[in-house]
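Subject: Handing over a structure

Dear colleague,

Please find the sequence and the structure below, followed by some notes on what was found.

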Amino acid sequence: MEDMSKVADAVPAVLPAAPELLAVEAKAIDEKVAAAAMGPSSSGSEASSSGGGAPSATPTSDPTAIIIIGMAGSGKTTLMQRLNAHLHAEKTPYYMVNLDPAVLETPFGAHIDIRDTVNYREVMKQYALGPNGGILTALNLFATRFEQVLGLIGKRVAGPTPPKYVLFDTPGQIEIFTWSASGQIITASLASAYPTVIVYVVDTVRCRNAVSFMSNMLYACSILYKMKLPLVLAFNKIDLAPCDFAQHWMDDLDSFTEALQKERSYMGTLAQSMALMLEEFYASLTAVGVSALSGEGMEPFFAAVDKARTEYESGYALELAKQKEQRKLDEEERQRKSREALVLDGLMAAGAKVVLDGNREPADPGAAVAAADEDEGEGEHEDDDEEEPPSMYSRGAGYNKEDEQWAMEHPNDREELEGLRRYLAKKKAGSSAEAGS
Ligand SMILES: Nc1nc2c(ncn2[C@@H]2O[C@H](COP(=O)(O)OP(=O)(O)OP(=O)(O)O)[C@@H](O)[C@H]2O)c(=O)[nH]1
Ligand SMILES: [Mg+2]
């Protein structure tokens, strides 16, 4: 893995719409798309990064997208580095994306790196933002062009060595990714394109006490419900502390309740009822212990990811398909309604009565057509019928046919008459409202 160098030629063009507002490390879009489409570069850096010298020639089906999320310092980036090394050694093709604009170094060979396109420090400066605002804005800018990222991944998937996994590192400030629109856009577009799995990295050392453990689990639980994707819990840093205690607490609620009682938290009862709720949550995920540093637990990690992928295919994908179908039906209904509205508009243009008087029944479209035919039959103002607005007489504003005739003969006074009509209609509406109250 040490021979991995940063792949700079395969980054997407994720430039903001107004580049003068942001200092971005600009690179030509076409160049990048072409470079990414070319597949492994001759320099060998990308080749090594995407599976090594002799990747499996067997074309795999869609890759599994793995989004790595976790509290700051839990070891997400180190885990990416470890997964990079592991997959490379296994000669499994893969693709890596860095979504953390604030990271100083990506110790893995990112095929796509947000930092190559958005300079978050410049974003901070230009928009006078703090560090979190800068990261959030940088991610938002990136999300607006996420289609391009999907395009690059798609090209690789269609290439000679399609990746089996596409891995995403996310910003340390977990809420920036999990609670922002950009995080949602990225996750949703990814999940609609590929089987997608969330890996929630837990710092095992930091959650050895029952209350911290529960807080972390509640956060993971909120992510599961927010993102609605299969979730794998990766208890990291097991080289420092084994994660048996966590597995035990998850499998046996009584032992966890006992541990909570020992802590004598003033929130004892609340904590216990929340622990009960978490039991349901544990049933819907897989937990594994890993060490990003030593490489322990890689096999169970990928077994858990593959299992989560089948969950995606059997449950989440079906749900997505259902949502798509529902959206299609909604759209058809909307189009049907607007077609109906158009037909009605057409009838009105043909002379249907426009009812301003709230006490009257809406015009019968059939009768309106008949009325229009009749008018044509009379031969009066035949040309006007199409161009003139509906008759004032028909508007029920207190005018009679003679007034209408007069208006036709005195076009200059028409406007004044219109004003008067509006005034009367308003007055009439006012007096009927008074009568009503
Ligand atoms: N002992 C040990 N240390 C680890 C392990 N994984 C990560 N670390 C250390 O934990 C610290 C944080 O690791 P990172 O990979 O930067 O964590 P991160 O979640 O990416 O951090 P942010 O992106 O800032 O949120 C580093 O000092 C790592 O060396 C592990 O498995 N074992
Ligand atoms: Mg990191």
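The buried residues of the helix are A246, W249 and M250, and because they cover an arc of only 100° around the axis, they are on the same side of helix 10; the arc is taken over the directions from the helix axis to the C-beta atoms.

D244 belongs to helix 10, which spans residues 244–251, and D244 counts as exposed because it has 12 other C-beta atoms within 10 Å. Its C-alpha atom is separated by 9.9 Å from that of V288, a residue 44 places away along the chain.

**How to read the model**

This is a predicted model, in which local features need pLDDT of at least 70 and side-chain atom pairs count only at pLDDT 80 or more, while totals for chains, interfaces and linings use all residues. Residues are numbered from 1 along each chain as its sequence is written, and chains are lettered from A and ligands numbered from 1 in the order in which they are written.

The mean pLDDT (the predictor's confidence in each residue, from 0 to 100) of the protein chain is 75, and 65% of its residues reach 70 or more. Over residues 352–363 the pLDDT is below 50, although this stretch has 21 contacts in the model beyond near neighbours in sequence, a contact being two residues whose C-beta atoms, placed from the backbone, lie within 7 Å. Where pLDDT is low, the predicted coordinates should not be read in detail.

The protein chain has 17 helices and 7 strands, and of its 437 residues 36% count as buried. Leaving aside neighbours within four places in sequence, A234 is in contact with residues including L79, V199, V288 and F301.

Best wishes

Terms used. Helix = DSSP H or I, 4+ residues; strand = E, 2+ residues; numbered from the N terminus. Buried ≥ 20, exposed ≤ 12 C-beta atoms within 10 Å, placed from the backbone.
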